[in-house]
Amino acid sequence: MFPFDNSLTIGEMQDITRHESERVVAVTGGKVSDIGLINEICMDLYTQIEREVGCRFSCVKRNDLADVHEFIDSYEPPLCLMKRIKEYERKDN
């Protein structure tokens, strides 16, 4: 048995990335077009996942896959990013 047998496939990593993108759209209401803010939210989500599973995103193991998706579903941006999202929405209206 090879040590990388429990590693995610490219398809599984793409599914995580797609799921993260969907969650970012959900938490921003799909109304934020500021790429800098969107990138900050994405980076925070990646950082939180890494903290939850205890390794870099690229090293997530298959047995952690369900937990990663569950975490993405429940992700909420920290207060500082929520304030910026709300400011953006106010400014845009």
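**View 1. Lys86 in helix H4****.** Lys86 is partly exposed, with a relative accessible area of 46%. Here buried means under 20% relative accessible area, exposed over 50%, and partly exposed in between, with a 1.4 Å probe and protein chains only. The residue lies in helix H4, which covers residues 79-92. Between Lys86 and Arg18 there are 68 residues in sequence and 24 Å in space, C-alpha to C-alpha. The model is predicted: local features need pLDDT of at least 70, side-chain atom pairs count only at pLDDT 80 or more, and totals for chains, interfaces and linings use all residues. Residues are numbered from 1 along each chain as its sequence is written, and side-chain values use heavy atoms, leaving out hydrogens and water.

View 2. Helices (H or I, at least four residues) and strands (E, at least two) are DSSP runs, numbered from the N terminus. Along the sequence the pattern reads α-α-α-α. The C-alpha atoms fill a box of roughly 55 × 20 × 20 Å along the principal axes. Of the 93 residues, 29% are buried. Among contacts (heavy atoms within 4.5 Å) with a separation of 6 or more, 74% join residues 24 or more positions apart.

**View 3. Val27 and its surroundings****.** Val27 belongs to helix H1, residues 10-28. This valine is buried, at a relative accessible area of 13%. Neighbours within four places in sequence aside, Val27 touches Ile41, Tyr75, Glu76, Pro77 and Ile85. Ile85 is 58 residues away from Val27 in sequence but 8.8 Å away in space, C-alpha to C-alpha.

**View 4. Helix H1 against helix H3****.** Two packed helices are described by the angle between their axes and the distance between the axes. The axes of H1 and H3 are 9 Å apart, at an angle of about 10 degrees. Axes are lines fitted to C-alpha atoms, for helices over the stretch in contact, and angles run from 0 to 180 degrees between N-to-C directions. H1 is therefore roughly parallel to H3. The classes are roughly parallel under 35 degrees, roughly antiparallel over 145, roughly perpendicular from 65 to 115, and oblique for the rest. From H1 come Glu12, Asp15, Ile16, His19, Glu20 and Arg23; from H3 come Leu65, Val68, His69, Ile72, Asp73 and Ser74. This contact holds four nonpolar, three polar and five charged residues. Ala, Val, Leu, Ile, Met, Phe, Trp, Tyr, Cys and Pro count as nonpolar, Asp, Glu, Lys and Arg as charged, and the others, Gly among them, as polar.

**View 5. Helix H2 across helix H3****.** H2 (residues 35-53) and H3 (residues 65-74) have axes that come within 10 Å and cross at roughly 135 degrees. The two helices are therefore oblique to each other. Leu45, Gln48, Ile49, Glu52 and Val53 of H2 make the contact with Val68, Phe71 and Ile72 of H3. Six of these residues are nonpolar, one is polar and one is charged.

**View 6. Cysteines without a disulfide****.** A disulfide is a covalent bond between the sulfur atoms of two cysteines. The rule used is a pair of cysteine sulfur atoms within 2.5 Å. The count is zero. For Cys42, the nearest cysteine sulfur belongs to Cys80, 15 Å away. Cys42 is partly exposed, at 21% relative accessibility. For Cys59, the nearest cysteine sulfur is that of Cys55, at 5.6 Å. Cys59 is also partly exposed, at 29%.

Technical notes: Left-handed = near helix turned anticlockwise from the far one by under 90°.
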